[in-house]
Structures are given as structure tokens and as C-alpha cells.
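Biologist: Hello! Let us look at this chain together, one question at a time.

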Amino acid sequence: MSHPIDHIRAYINLPSELEQSMRQLIKKRSFRRGETISLLDNMRTNAFFIQKGSARVYYIRKGREYTFSFSFEDEFVTHSLFLLNRSDTFTSIEFLEPSQVYIIPHLDISDSMEEYARGNLSEIMAFVTSILVEHTNRLEERLLLLQTASATERYRWLITRYPKILERATITQIASFLGVTKETLYRIRNNKYNPNS
């Protein structure tokens with residue numbers, strides 16, 4: 001299990017004084033299983049990195065709940081700015097099990113890095129670009145699956161991508177993430193799914 005600073009250090013050669021300043025700003029918090037926090041209230045000022053545990057981002061639209069993403073150990077919680085900016089959706093993080101989470105106040109860290117960035121702009125841009133590329137790759141992978149893969153192929157991808165997801169998320173949450181009904185997911189898992197019936 002790593003610290004978010006370890007991910008930043010992979011892209012930026014952090015001087016020790018800047019790293020120390022960033023470590024003081026990053027706080028660790030425990031969340032209980034089932035605990036939720038509003039993305040709208042939190043994501044504009046904070047990023048979340050899961051040290052231990054798991055979470056999902058979900059949104060509610062027209063009374064229906066949709067799972068947007070899952071995050072596990074050593075991953076940042078990913079979300080959609082499009083969803084956050086919609087007035088007709090309520091977007092939250094739900095912790096699927098007891099979790100240890102680093103809360104990264106990116107606005108405060110941005111202020112700390114501003115002076116450093118003046119002389120190291122290329123390193124800062126490499127870090128920001130890498131985060132954007134990683135997030136884009138995840139979204140593109142899922143979009144491609146939703147557009148081209150069968151329900152069974154999507155389920156197999158999910159089990160390969162997140163081997164312990166059946167222990168951590170409910171069937172309803174997984175079905176929502178895959179864009180299938182709960183009943184279809186049960187049939188797929190029991191090898192009784194026939195898309196032509």
C-alpha cells in the first residue's frame with residue numbers, strides 16, 4: 001500500500017521541503033462500510049486516494065441509481081466533472097468496506113507547488129498529463145466495452161480487471177456499472193444467459 005506522494009514522485013522530482021509541505025497537507029481518514037460523502041461538496045477542493053479498502057462513485061438521476069466507477073487499494077477515486085456539473089444528478093462516493101483514505105486538498109497543494117512550478121513547469125505538466133491520460137484510458141476502455149462487448153464479455157472483463165469485486169460490491173452495483181439488469185447478471189454468472197431469448 002502506497003501514499004499518494006509515491007504516485008506524484010513517479011512523475012516529479014520533488015525537493016524534500018516541497019514533499020514535506022505536501023505530506024503535512026494530506027490527511028488520512030477512516031470511513032465505515034456504507035458511509036457516503038457528497039462529491040459536489042468535496043471533489044472541487046479534494047482528491048481521494050484509497051490506501052486500504054474500496055469505494056464506488058454513483059449518481060442518482062430521475063430517482064434511479066447508477067454506478068459510475070469503482071476504486072480499490074492504491075487508486076485515486078475517479079469521477080466525472082460532467083456529472084458534478086449537472087443540476088439534475090446527485091453524485092456521491094460510497095465506501096464498500098472499512099477504508100483508509102488519503103484526502104488531498106488539491107487547491108492547497110496547488111498553492112504550495114506554485115513557486116516550485118515556476119522553475120519546473122515541464123515536470124508539473126508531465127504529472128498533470130499522466131493523471132489525465134490514466135483517467136482517459138479508463139473511461140475509453142469502459143466506453144469501448146459498453147459499445148462493442150456483449151454483456152457476458154463485459155462481466156468477464158470486470159472480473160479480470162477487479163478480481164475481488166464480487167466480495168466487495170453488491171450484484172446491483174455491479175449490474176449498474178456494466179449496464180445490465182440484476183437478473184441478466186445472475187443468468188450470466190450461472191451460465192444461463194442467452195442474449196437471443
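Biologist: Leaving aside its neighbours within four places in sequence, which residues is Ile165 in contact with?

Modeller: This is a predicted model, in which local features need pLDDT of at least 70, side-chain atom pairs count only at pLDDT 80 or more, and totals for chains, interfaces and linings use all residues. Residues are numbered from 1 along each chain as its sequence is written, and side-chain values use heavy atoms, with hydrogens and water left out. Contact means heavy atoms within 4.5 Å. Setting aside neighbours within four places in sequence, the contacts of Ile165 are Phe70, Phe72, Leu158, Ile159 and Ile174.

Biologist: How many helices and strands does the chain have?

Modeller: Both are DSSP runs numbered from the N terminus: helices are H or I with at least four residues, and strands are E with at least two. Counted like this, the chain has 10 helices and eight strands.

Biologist: What percentage of the 197 residues in the chain is buried?

Modeller: Buried means under 20% relative accessible area, exposed means over 50%, and partly exposed lies in between (1.4 Å probe, protein chains only). Of the 197 residues in the chain, the buried share is 45%.

Biologist: In the largest nonpolar core, which residues touch the most other members?

Modeller: A nonpolar core is a set of buried Ala, Val, Leu, Ile, Met, Phe, Trp, Tyr and Cys residues joined through side-chain atoms within 4.5 Å. In soluble globular proteins, nonpolar side chains tend to be buried together. The largest core here has 20 residues, and those touching the most other members are Phe70, Leu158, Ile165, Ile174, Leu178 and Leu185.

Biologist: Which helix gives the largest share of this core?

Modeller: Three helices each supply at least two residues of this core: helix 7 (151-161), helix 9 and helix 10 (182-189). The largest share, five residues, comes from helix 9.

Biologist: At what angle do the axes of helix 9 and helix 10 cross?

Modeller: Axes are lines fitted to C-alpha atoms, for helices over the stretch in contact, and angles run from 0 to 180 degrees between N-to-C directions. Under 35 degrees counts as roughly parallel, over 145 as roughly antiparallel, 65 to 115 as roughly perpendicular, and the rest as oblique. Helix 9 and helix 10 are therefore roughly perpendicular to each other. Their axes come within 9 Å, and the crossing angle is roughly 100°.

Biologist: Which residue of strand 5 is the bridge partner of Ile60?

Modeller: Strand 4 (residues 55-61) pairs with strand 5 over seven bridges, in the antiparallel sense. The bridge partner of Ile60 in strand 5 is Glu65.

Biologist: Where is Asn46, and which residues does it contact beyond its neighbours within four places in sequence?

Modeller: Asn46 sits in the loop between helix 3 (39-42) and strand 3 (47-52). With a relative accessible area of 15%, Asn46 is buried. Beyond its neighbours within four places in sequence, Asn46 is in contact with Ile103, Ile104, Pro105 and His106.

Biologist: How far apart in space are Thr89 and Lys62, C-alpha to C-alpha?

Modeller: Thr89 belongs to strand 7, and Thr89 counts as buried at 13% relative accessibility. In sequence, Thr89 and Lys62 are 27 residues apart, while in space their C-alpha to C-alpha distance is 7.8 Å.

Biologist: Is Asn191 buried or exposed, and what is its relative accessible area?

Modeller: Asn191 is in the segment after helix 10. Its phi is near 55°, a positive value in a residue other than glycine. Asn191 is exposed, with a relative accessible area of 71%.

Notes:
Two strands pair if DSSP finds at least two bridges between them.
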